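Dear colleague,

Please find below the structure that I am handing over to you, together with its sequence. The notes that follow it set out what was found.

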Amino acid sequence: MVRTLAIDIGGSGIKTLVLDESGQPQTERSRTETPQPAKPDLVVNAIVSLANQQGEFDRVSAGFPGVVRAGVTETAVNLDPDWVGFDLAKALSDRLKKPVRVVNDADMQGMGAIAGHGVELVITLGTGFGSALFLNGKLVPNLEMGHHEFRNKETYEQQLGRAALDRVGQKKWSRRLGQSIESLRKLFNYDRLYIGGGNTNKITIELPPNVKIVPNISGLLGGIVLWRD
C-alpha cells in the first residue's frame, strides 16, 4: 500500500494527514500554528515536526497558499515575501527524503471536493480567499481570484478574508459573501460552487441549491489526487 502524507499550509495553521491509495485517512490529523514570521525555513521545520508524528509514508502532497509552478512558490501574500521563488518541493523532499508534489492550497482542496462533472468552482474562506476552477475534473491551475477587484475598489480577499470578518462581523461579512457568489456565478456560469476553509462556520446566509459547503479536511484529502497521473 502506497501511503501519502498530505500537507495543508495555511496562514494561521499547518495540518498533516496520511492517506492510503484510495484517499482514506490512515492517521489522525496533526495541526500546529503557522510560525510567525512565516518564513520558509520555519514553516518547513514545522512541517517536518508534524510529519514525524504521522508515522510511515511513501510520498508527499502539499497545498500552499499562493501561486505554485513546478514546485516553486511564486506568491505568498499571507505568509512572507521570502517565499517568492522558493523551491518548496525540493526543500521538503530533501528534508523528508520522499518524492514531493506541491500545488496551490485551494487547488488541492478542490481536488478533494469536486464531483468531476461540468464547470466546478471552489473558494476557500480562511486567512485569505482562495479559489480553484475545474472543467470536467481537469484543473485550471493558479486561479488567484482573491486578488481580483470585487467591490468598493477592494479585492475578494480584502472584503472576505479573516481580517474583514473580524472587522465587520458575521452578518455583514455573510452578506458580502452572498454578493460574491452572485458575482462569481455571472463570471463563470459554474454548475457547482464549493465553499471550504476554516471560516465556513461563520456563514449566516442561506446558500443557493448549487452551492455546497465542504469540510476543511478536503484540503488534505485532495493530496491523493496529485498522484493520479
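**The sheet around β10**

Strand β10 and strand β11 (residues 138-140) pair in the antiparallel sense over 3 bridges. Strands here are DSSP runs of E with at least two residues, helices are DSSP runs of H or I with at least four residues, and both are numbered from the N terminus. Two strands count as paired if DSSP finds at least two bridges between them.

Before going further, please note that this is a predicted model, in which local features need pLDDT of at least 70 and side-chain atom pairs count only at pLDDT 80 or more, while totals for chains, interfaces and linings use all residues. Residues are numbered from 1 along each chain as its sequence is written, and side-chain values use heavy atoms, with hydrogens and water left out.

How many of the 7 residues of strand β10 are buried? The number is 6, so β10 (residues 129-135) is largely enclosed by the rest of the structure. Buried means under 20% relative accessible area, exposed means over 50%, and partly exposed lies in between (1.4 Å probe, protein chains only).

These strands belong to an open sheet of 5 strands with mixed pairing, in the order β11-β10-β9-β14-β15. At its edges stand β11 and β15 (211-213), each of which pairs on one side only. From one strand to the next, the twist averages 25°. Helix α6 (residues 170-188) packs on this sheet and touches β9, β10, β14 (192-196) and β15; the direction of α6 makes about 155° with that of β9. Such angles run from 0 to 180 degrees between N-to-C directions, with axes fitted as lines to C-alpha atoms, for helices over the stretch in contact.

Within β14 lies L193, which is buried, with a relative accessible area of 0%. Leaving aside neighbours within four places in sequence, L193 is in contact (heavy atoms within 4.5 Å) with L121, V122, I123, I181, N210, V211 and K212.

A second topic is the open sheet with the order β5-β6-β7, which has 3 strands and antiparallel pairing. Strands β5 (68-69) and β7 (86-87) stand at the edges with a single partner strand each, so one side of each is left without a neighbour in the sheet. Strand β6 (residues 72-73) is joined to β7 by 2 bridges, and T73 stands opposite F86 in β7.

In helix α2 (residues 88-96), the buried residues are L88, A89, A91, L92 and L96. They cover an arc of only 165° around the axis, which puts them on the same side of α2; the arc is that of the directions from the helix axis to the C-beta atoms. Which elements cover these residues of α2? They include β1 (4-9), α1 (40-52), β4 (59-64), β6, β7 and β8 (100-104). Just after α2, K97 takes a positive phi of about 60°.

**Aromatic pairs**

A pair of aromatic rings is described by the distance of the centres and the angle of the planes. Rings of Phe, Tyr and Trp (its six-membered ring) pair if their centres lie within 6.5 Å; planes under 30 degrees apart count as stacked, over 60 as edge-to-face and the rest as tilted.

The whole structure holds 4 aromatic pairs. One of them is the tilted pair of F64 and W83, with 4.8 Å centre to centre and 50° between the planes. F64 lies in strand β4 and W83 in the loop between β6 and β7, so the pair ties together parts that are 19 residues apart in sequence. Both F64 and W83 are buried. Another pair, F150 and Y156, is stacked, at 4.5 Å centre to centre and 15° between the planes; F150 and Y156 are both buried. F64, W83 and F86 form one aromatic cluster.

Yours sincerely
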